[in-house]
Amino acid sequence: FKRASWDSLGSVHPYPDAIPRYLRAIKRAVKVRRGFKVVVDCASGAGSVVTPYLLRELGCKVITLNSNPDGHFPGRPSEPQPWNLGDLMNTVREVGADVGLAHDGDADRIAAVDENGKFIKHDTLIAIFAGRAIRAHGGGIAVTSINTSVAIEEVVARAGGRTVRTALGNIHAAMLEHGAIFAAEPGKFIFTDFGKWPDGILCAAKVLELMSLEGKPISKIVAEVPDYYFHHEDFPCPDERKEEFMRNIREYLLANIGEVRDTLEIDGLRVNRKDGSWILIRTSGTEPKARMVLEGRTRAEAEMLREIGLKGIKKFLG
């Protein structure tokens, strides 16, 4: 890279109006009924200086958790996954909140908990928002990652649209490539009418807008999305063994899974069966791990796929 000398650097200008302008833009983009009680867990991250203020300006009564910025994440790990959100679930129940919301450290992701303190599956929220976007545009494409539920495809199809899958971490590029009107992977949502980036703070407002428009508890809203048997499991896999492992597991899955409808190999191998069940085995791009994700319309289908997957993983990883 060409380096600049110390005396040729530019100047720094403060921009104190950045957050207020951002809040005003979101408030213009959503319609939220006043009076919701919301618990928000900001993971001691960037959302701490925005989301509680936004929700209050939208007319909510807000209870905050982990909402003092601290990069050491003293309250809970940054990932907004159910195993990290026990305090949020308990607080929602104890205070009688309408919904609980949780960010990750940089607030591009969000998770939700219903009024009963139950974690709402990431894929369920994707399906709901994808279906709404498709209906609002009279059709179009929704992009999601390879590791999400078939329920998303079903909801999008009923709304008159089409689902395109892409590698995990590639939803932004795929959205641009296919001209999608909505894109999401677990926890990350891109509402293209507002901006072409994952935005957990906007999505917090969108959850409240959804509840306002539907006029019923969020547990009733998410119950309208098909809920299948879903399983995720990680396994140690050294980086130097990943290529060989995927080559072996590909041959193994294709030889041992019957009634195959089609396969996707954009990120690992996803085998879709004719009955709607599927299994995905991929290696992590950031950790020395292999990941198995599967879904069955029945528990028996899910257990059958898990047994097949485990047998192959044990065979090739020990």
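## Basis of the model

The model is predicted, so local features are given only at pLDDT of at least 70 and side-chain atom pairs only at pLDDT 80 or more, whereas totals for chains, interfaces and linings use all residues. Residues are numbered from 1 along each chain as its sequence is written, and side-chain values use heavy atoms, with hydrogens and water left out.

## Overall fold

The protein chain contains ten helices and 14 strands; these are DSSP runs numbered from the N terminus, with helices being H or I of at least four residues and strands E of at least two. Its radius of gyration is 21 Å, close to the 20 Å that the globule rule gives for 318 residues, so the chain is as compact as a globular protein of that length. The radius is taken over C-alpha atoms, and the rule is 2.2 Å times the number of residues to the power 0.38. Along the principal axes, the C-alpha atoms fill a box of roughly 60 × 60 × 40 Å.

Of the 318 residues, 53% count as buried, a term that means under 20% relative accessible area (1.4 Å probe, protein chains only). Among contacts (heavy atoms within 4.5 Å) between residues at least 6 apart in sequence, 62% join residues at least 24 apart.

## Surface and charge

The protein chain exposes about 15600 Å², of which carbon and sulfur atoms supply 51%; the areas come from the Shrake-Rupley method with a 1.4 Å probe. There are 44 positive and 42 negative side chains, and the centres of the two sets lie 4 Å apart. Lys and Arg count as positive and Asp and Glu as negative, without His and the chain ends; each charge is placed at NZ of Lys, CZ of Arg, CG of Asp or CD of Glu.

Leu65 belongs to strand β2 (residues 61-65) and is buried, with a relative accessible area of 18%. Leaving aside neighbours within four places in sequence, Leu65 is in contact with residues including Val39, Val40, Asp87 and Leu88. Val39 and Leu65 are 26 residues apart in sequence, and their C-alpha atoms lie 7.4 Å apart.

Ala43, in the loop between β1 (37-41) and α2 (51-57), has a positive phi near 60° although it is not glycine. Ala43 is buried, at 1% relative accessibility. Glu259, in the loop between α9 (242-256) and β11 (260-264), likewise has a positive phi, of about 55°.

Arg165 lies in strand β7 (residues 161-166) and is buried at 12% relative accessible area. Its side chain makes a polar contact of 2.7 Å with the side chain of Thr148 and reaches the backbone oxygen of Ser149 at 3.1 Å. A polar contact is a pair of N or O atoms within 3.5 Å; within protein, one must be able to donate a hydrogen and the other to accept it, and residues adjacent in sequence count only if both atoms are side-chain atoms.

The buried residues of α5 (residues 150-158) are Val150, Ala151, Ile152, Glu154, Val155 and Val156. These residues pack against several elements, among them α4 (122-137), β6 (140-145) and β7. Just after α5, Gly160 takes a positive phi of about 95°.

How values were computed:
Buried means under 20% relative accessible area, exposed over 50%, partly exposed in between (1.4 Å probe, protein chains only).
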